[in-house]
Amino acid sequence: AEAPSVLEVTNIEVVYNHTVQVLRGLSLRVPEGQVVALLGSNGAGKTTTLKAISGLLALENGALTAGDVLFSGTTTRGRKPHELVHAGLFHVMEGRHVFEDLTVEENLVAATYSRAGASARDFDLVYEYFPRLYERRKGLAGYLSGGEQQMLAIGRALVANPRLILLDEPSLGLSPLLTEEIFTIIARINAEHGTSMLVVEQNAAMAFAVASYAYIMETGRIVTDGPVETLMRDQDVREFYLGMG
Ligand code: ATP
């Protein structure tokens, strides 16, 4: 039997500024407890897809003009981003977006406001995954390196304890070593907490290492999808879509 979907996106269309259509009937699903990758070239619409799911689109003069997004079986249409965070849907944006004028610890505390009853244990958990953040917990987030800020952005998602994390390009701007470290932790979070994730990545090899299923998109729609083991063995997919030769 199929695992139930924590996220079900059906035939969505997105238009920016009433004029530019970026998504053209895109559908995908994330089964409960799984990591799903969303891949594709620059400008294909990956970030827009995540924003359409989390409600951030409205902040950018974008609109969902057709289709539907079901999170835990309920539509997200018309719901504010913070309401969706409360409901357990956490979007880790590209470019990290931490509060630079707050300390590492304060950034984590701020992320718990969306949920009742966060405890010291939740912070310990983040510090266990990211010892580097523990060392720097009293320091301003603005002074962290790019990699450390990415760790903090993921740590913020962790303390919010969501059912689904949307992760936009976790490897962006990171060294290969740090990228590997971040992906190891993404895999651990999924394995140890069963947190479902939809991960947008340019680094297909990394995405394939953590995801069980992947969608490849081009100009606003999905062109190929399948279990990662199948896609990895598909020579056309490797060459044309993933640049993996
Ligand atoms: P990248 O990897 O470069 O982030 P992407 O696949 O995530 O690419 P999007 O960022 O979703 O793609 O952008 C898809 C298209 O939508 C691009 O042509 C982009 O110029 C356009 N777009 C994105 N945001 C806006 C906006 N706020 N207003 C108008 N057009 C936008």
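Reader: Which elements each supply at least two residues of the lining of the second largest pocket?

Author: Happy to start there. A pocket is an open set of points on a 1 Å grid over the protein atoms alone, where a 1.4 Å probe fits, with protein on both sides within 12 Å along at least five of seven lines; lining residues have an atom within 4 Å of a point. Here, α1 and β4 (62–71) each supply at least two lining residues, and β4 gives the most, with three. Helices (H or I, at least four residues) and strands (E, at least two) are DSSP runs, numbered from the N terminus. Please note that this is a predicted model: local features need pLDDT of at least 70, side-chain atom pairs count only at pLDDT 80 or more, and totals for chains, interfaces and linings use all residues. Residues are numbered from 1 along each chain as its sequence is written, and side-chain values use heavy atoms, with hydrogens and water left out.

Reader: Which residues of the largest pocket lie nearest its centre?

Author: Among its 20 lining residues, V85, F90, H91, M93 and R156 lie nearest the centre. Elements giving two or more residues to that lining are α2 (81–87), β6 (89–92), α3 (104–112) and α6 (146–160).
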